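Thank you all for coming.

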Amino acid sequence: MPAQDFGCEQCGGHDADLDIRELAGTGTVLEAVLITRHPNPQVATPLTLGRIQLTEGPVVYGALSHGDDAPSSGWSGVHVFARDDDSGAGPSQVFVPVSRGANA
Ligand SMILES: [Zn+2]
């Protein structure tokens, strides 16, 4: 995930107050939505976006695995991990279910 520089949601700290942390890239999907049309034509659809609670605690928004085989529902509570996607068909990083991502 690229770092954001808006600052801390809790205390407002920013810049030197913040540290870069390495995260495991694993988490649990809180909710997901299927995007069938996107205003940016560069973004391939359909695309499923999720709100993911990372193992370390922060909640991030990210793309869930996409493509013909990607489920568009039933994501809530699914354990996922972030994986690079160089297929060029979508975002460069997607969250895939732990159960089926091992050899994907
Ligand atoms: Zn803070």
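Let me start with a term: helices (H or I, at least four residues) and strands (E, at least two) are DSSP runs, numbered from the N terminus, and two strands pair if DSSP finds at least two bridges between them. What you see is a predicted model, in which local features need pLDDT of at least 70 and side-chain atom pairs count only at pLDDT 80 or more, while totals for chains, interfaces and linings use all residues. Residues are numbered from 1 along each chain as its sequence is written.

As for confidence, pLDDT is the predictor's own value for each residue, from 0 to 100; its mean over the protein is 82, and 83% of the residues reach 70 or more. Among the elements, E5 has the lowest mean, 87, and strand E1, residues 26-35, the highest, 93. Where pLDDT is low, the predicted coordinates should not be read in detail.

The protein has 0 helices and 5 strands, and along the sequence the pattern reads β-β-β-β-β. E1 and E4 run antiparallel and are joined by 3 bridges, with Gly 27 having Val 80 in E4 as its bridge partner. E4 also pairs with E5, again in the antiparallel sense, over 5 bridges, and here Ala 82 stands opposite Phe 95 in E5.

Which residues make up the largest nonpolar core? By nonpolar core I mean a set of buried Ala, Val, Leu, Ile, Met, Phe, Trp, Tyr and Cys residues joined through C-beta atoms within 7 Å; a residue is buried if 20 or more other C-beta atoms lie within 10 Å of its own, exposed if 12 or fewer, and partly exposed in between, with C-beta atoms placed from the backbone. The largest has 10 residues, namely Val 29, Leu 47, Ile 52, Ala 63, Leu 64, Trp 75, Val 80, Ala 82, Val 94 and Phe 95. Over the protein, buried residues make up 14% of the 104 residues.

Phe 95, leaving aside neighbours within four places in sequence, is in contact (C-beta atoms, placed from the backbone, within 7 Å) with residues including Gly 50, Ile 52, Ala 63, Val 80 and Ala 82.

Finally, Asp 15, in the segment before E1, has a positive phi of about 50 degrees although it is not a glycine. Asp 15 is exposed, with 7 other C-beta atoms within 10 Å.

Key: Two residues are in contact if their C-beta atoms, placed from the backbone, lie within 7 Å.
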